[in-house]
Amino acid sequence: MTFLNEITHRYPDAISFAPGRPYDGFFDVEQIFDHLRGYLDHLAAQGRTPAEVRTALYQYGPTAGQIRGIITDSLRADEDIDVPPESIVVTVGAQEAMLLVVRALIARPEDVLLAASPCYSGITGASRLLGATVVPVDEGEDGFSCAELEAVIARERAAGRRPRALYAIPDHSNPSGHTMDLDTRTRLLDAAERHGILIIEDSPYRRVSPGAQLPTLKALDRARSVVHLGSYSKTVFPGARVGFAVADQEVRDDEGGGGLLADELTRIKSMVTVNTPSLSQAVVAGALLAADGRISSLNAEPAAYYGDAMRTTLRCLDARLTAPRREALGVHWNEPSGGFFLSVQVPFRADNTALARSAEKFGVLWTPMSYFYPNGGGERALRLSTSYLTTAEIEEGTARLGDFIEAQSAADEDLPDVTRIP
């Protein structure tokens with residue numbers, strides 16, 4: 001990602017389909033003060049004294065978080081996830097939640113973390129930092145495969161390793177854009193229960209996507225097989241850096257004592273970030289309270305915008321590279337129903353060299369999909385993010401991207417056979 005940031009700064013006029021971030025047009029500085037005031041009013045209505053309110057804003061606060069009850073109410077209202085506040089840990093973005101969960105679950109040398117592949121690079125980065133082994137469960141063209149999961153579990157156990165959990169983004173995943181259908185969700189939960197593994201469900205894109213969403217894995221979870229990770233980076237604003245983990249699994253310690261997995265995550269967090277900033281929690285809580293806990297209502301307009309951005313991108317790609325032309329070139333892409341991302345398969349190596357040429361000669365940026373494969377792969381694919389651009393930028397950017405794909409495909413065909421990529 002260092003290279004991606006570098007090339008973005010090097011070509012500031014290039015249209016960038018690279019950053020997976022919310023559209024700036026939905027942010028108003030005054031909203032922060034409104035959200036903060038809403039939370040302060042909430043504390044006062046609860047009977048908190050001025051001194052207690054001051055402490056809630058200025059002091060470190062409880063390690064597990066001080067807005068767990070508000071998050072609990074929001075999850076119940078919006079996602080039909082009914083868990084006690086004690087099962088929630090408020091984290092510094094979902095990234096910290098990933099770190100805590102991996103640290104808690106991958107404890108022995110034989111333990112491995114499975115990950116739907118391609119996968120978000122944050123989970124592989126956190127795992128590498130902790131020395132945890134990530135084993136990919138390769139997606140097919142239609143997305144996640146439970147049959148592939150079964151095969152990977154059997155192979156790992158035959159090799160003496162112990163799969164402990166599976167990381168997945170079931171809704172509009174990053175980077176592929178795939179969404180698990182309901183049947184796959186049901187079969188995945190069944191497999192997790194049968195094999196005694198946990199599912200780490202990451203869910204940042206559900207409430208910034210248009211239309212009705214399928215139930216989360218956690219909402220369908222009857223065996224406490226799912227650790228649900230959430231983030232307010234896309235739904236409130238990234239600068240708050242507030243996320244959470246729902247970890248209602250019962251665990252036993254070495255002395256035979258019991259408790260929730262959330263308690264173990266809190267213990268680890270106390271040695272990592274101590275607590276999530278109180279001021280950030282206050283602003284996020286104010287946003288949730290203003291929407292009666294319904295992130296879906298809070299994000300109705302952004303979700304419509306992002307849905308239109310995705311449809312515009314797909315329409316413009318189809319107009320620039322028509323079906324006959326795509327077939328001739330060997331180019332194809334998926335058509336996500338929401339989220340920020342789609343993936344494009346191309347007939348050439350879509351690496352950093354190709355990206356540099358795309359930026360310099362054609363004025364358009366994208367992300368190599370190979371960044372998202374834990375053990376290699378995706379060399380002939382690129383990720384497009386549609387969330388950060390206006391309609392005019394998408395129209396111009398897809399035209400430039402089409403020109404680049406045409407030119408790069410032709411250049412690849414002109415290479416002598418000895419240098420062609422197999």
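Predicted model: local features only at pLDDT ≥ 70, side-chain atom pairs only at ≥ 80, totals over all residues.

Author: Residues are numbered from 1 along each chain as its sequence is written, and side-chain values use heavy atoms, with hydrogens and water left out.

Reader: How do you know that Cys 119 is in no disulfide?

Author: A disulfide is a pair of cysteine sulfur atoms within 2.5 Å. The count by this rule is zero. For Cys 119, the nearest cysteine sulfur is that of Cys 146, 17 Å away.

Reader: Why does Cys 119 count as buried?

Author: Buried means under 20% relative accessible area, exposed over 50%, and partly exposed in between (1.4 Å probe, protein chains only). Cys 119 has 2% relative accessibility, so it counts as buried. Cys 146 is at 6%, so it is buried by the cut-off too.

Reader: Why is H7 called roughly parallel to H8?

Author: Helices (H or I, at least four residues) and strands (E, at least two) are DSSP runs, numbered from the N terminus. Helix H7 (residues 146–158) and helix H8 (residues 182–195) pack at about 20 degrees, with axes 10 Å apart. Axes are lines fitted to C-alpha atoms, for helices over the stretch in contact, and angles run from 0 to 180 degrees between N-to-C directions. Angles under 35 degrees count as roughly parallel, over 145 as roughly antiparallel, 65 to 115 as roughly perpendicular and the rest as oblique. H7 is therefore roughly parallel to H8.

Reader: What makes H2 roughly perpendicular to H11?

Author: The axes of helix H2 (residues 29–45) and helix H11 (residues 278–290) cross at roughly 85 degrees and come within 7 Å. That angle falls in the range 65 to 115, so H2 is roughly perpendicular to H11. Contact means heavy atoms within 4.5 Å. Residues making it include Ile 32 and Tyr 39 of H2, and Leu 279 and Val 283 of H11.

Reader: Why is Arg 241 called partly exposed?

Author: Arg 241 has a relative accessible area of 34%, so it is partly exposed. Its phi is near 55 degrees, also positive. Arg 241 lies in the loop between strand S7 (226–231) and strand S8 (243–246).
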